[in-house]
Amino acid sequence: MQESSESKPDFRIGQRVHSSGDPRRIGTVRYVGPVQGYSGTWVGVDWDNGEGKHDGTINGVQYFQARSEQSGSFVRSQNLSSGISLLQALQLRYRGDTTKEEEDEMYVLSASNKRVNVQLVGKEKIQDKLSRLEELTSASVSYLGVSSPGVPCDISTNVPNLKELDLTGNLISEWKDVSTICEQLADLFALNLSYNLMAHDMVGLPHLKRIRILVLNNIGINWTQVEILKQSLPEIEELHLMGNKISTIELLVCLLFQPASSFAVQGFDYLRLLNLEDNCIADWNEILKLSQLRSLEQLHLSNNSLIRVFYPDDGMMHELLNGYDSCEESHKPFQNLRCLLLGGNNIEDLASIDSLNSFPQLVDIRLSENPVADPGQGGIPRFVLVARLAKVEMLNGSEVSSRERKESEIRYVRLVMSKMQGNSKELQWLHPRFAELKGFHGIEDEKPLVGAAGPQKMASGLLSITLKCVGASIGEKPSLTKKLPGATTVGKLKILCESFFKLKSIKLKLFLQEEGSPLPMLLEDEMATLTDLGIGNESTILVDEES
């Protein structure tokens, strides 16, 4: 804290502000008044990025409670800004001259690592067009300190054709201000309010009747507020709610204490995409409350805390709908869902994988960064996922080709046949698609041979395996294709590679390169056979060195 002449307290508790000269350093006013031992009036700010000096306590006196131990600080009012209007921001962004700092960033590096300034062809023409605000159809005023709509009629007069507006990282906090902006922009259909800390009080419910895409990432909203906001979003098609710490899908409780007709989310008749990534949802039962959104095609749930997935049976749905029989035709849960992103959760069980086959239209699935899909954590490799997921066309962002599907299913059946010894009921429970795939691909059971040493299994034939050296110190060596028994272990294959490539005193590690998988799978278990690992004919194994 530095001494300064007394400043007039221009700020109020709860007001959003940014540091003068740095609109990206945003915080909330938590205190305005004197501080013991220092002259004049101070403004206590709790900074969004957590980069302050204390928790609101100075010399043993607590003036406010910051969110963390180091997110608060005291600032003179002249070092803070309460922001500008939307029109001022538009003029600043689209009518202002390019700053020296911006021009300094317009360069490329030459071969000698020297800066070469970039001359933008048609720059003046582009700037001239953008400077005519009335022609703008898409505008971004992110991180410019917008705190209010300004004079309402100024918006409609100056930018009457605006259809897309990005207000990311500003100082807007009141829903009534959002309402004012939307009322003035008759053609607006896409609005981004991310990183504006919105008030929990929904006073001045915004008029968003023409909005089809709404982005509300990291604004501190909960699902109860979404339910209230829903009334103003009759045409919404995409709703993004990332990073809001949502853990439950809380429906509105009737004020008259009458029983709800359903525990499932209703409405959102045109919602095609719902993005709930980077939240705190752990219970799949919360997600089931979204199962009656009839137009929903994409549901993004990556980076939550989900531990399992299941498709509800009729009894579950009857309970979820509270026995409520709609006069309309009944609808299957998630009847139009085509894309389900589940990456970065805590899913471990194969039953969750198998349940995805029950979703009527589901073809695009993301399971990466879950224990069940990570062989390094005891999970299953990509080819097993493809085989178990009957309808998947896109897995973890990679297309599943017809060839990959066929090879994966055959490898999977042979893998199960090499490992399973049990009755048919147990087999069907552990591997629901095994019998179906075995019959579909015409794979016969291995027949025993009787020899001098007694009953033996007939050899399943040799596998054609391509071995490719990739280790830096191994040097360039041509790839080799070898015929190997399925019973060859990883340890034995390492010894063979040393011989094939004439490698000495190099400790090897092997990887299976799978089609469609971005990273090869490490073959760690030296006792596992090629058959155990599901390695099929015409597979490629990478030969690397231990680091």
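Val400 is buried, with a relative accessible area of 10%, where buried means under 20% relative accessible area, exposed over 50% and partly exposed in between, for a 1.4 Å probe and protein chains only. This residue is found in the loop between strand 22 and helix 11 (402–419); helices (H or I, at least four residues) and strands (E, at least two) are DSSP runs, numbered from the N terminus. Leaving aside neighbours within four places in sequence, Val400 is in contact (heavy atoms within 4.5 Å) with Arg382, Val386, Val392, Glu393, Met394, Leu395 and Arg405. Val400 and Glu515, which are 115 residues apart in sequence, lie 8.8 Å apart in space, C-alpha to C-alpha.

The model is predicted, so that local features need pLDDT of at least 70 and side-chain atom pairs count only at pLDDT 80 or more, whereas totals for chains, interfaces and linings use all residues. Residues are numbered from 1 along each chain as its sequence is written, and side-chain values use heavy atoms, with hydrogens and water left out.

Eleven strands form an open sheet of mixed pairing, in the order 11-13-14-15-16-17-18-19-20-21-22, two strands being paired if DSSP finds at least two bridges between them. Strand 11 (138–140) and strand 22 (398–399) stand at the edges with a single partner strand each, and therefore one side of each is left without a neighbour in the sheet. Helix 1 (residues 86–94) packs on this sheet, touching strand 11 and strand 13 (164–166), and its direction makes about 95° with that of strand 11; axes here are lines fitted to C-alpha atoms, for helices over the stretch in contact, and angles run from 0 to 180 degrees between N-to-C directions. Strand 21 (residues 394–395) pairs with strand 22 in the antiparallel sense over two bridges, and Leu395 stands opposite Ser398 in strand 22.

The largest nonpolar core has 96 residues, and those with the most contacts inside it are Leu165 and Trp284; such a core is a set of buried Ala, Val, Leu, Ile, Met, Phe, Trp, Tyr and Cys residues joined through side-chain atoms within 4.5 Å. Among the helices that each supply at least two residues of this core are helix 1, helix 10 (382–388) and helix 11. Apart from it lies another core, of 23 residues, among them Leu467, Ile506, Ala528 and Ile535.

As to confidence, the mean pLDDT (the predictor's confidence in each residue, from 0 to 100) of the chain is 85, and 84% of its residues reach 70 or more. Over residues 108–113, however, the pLDDT is below 50. Where pLDDT is low, the predicted coordinates should not be read in detail.
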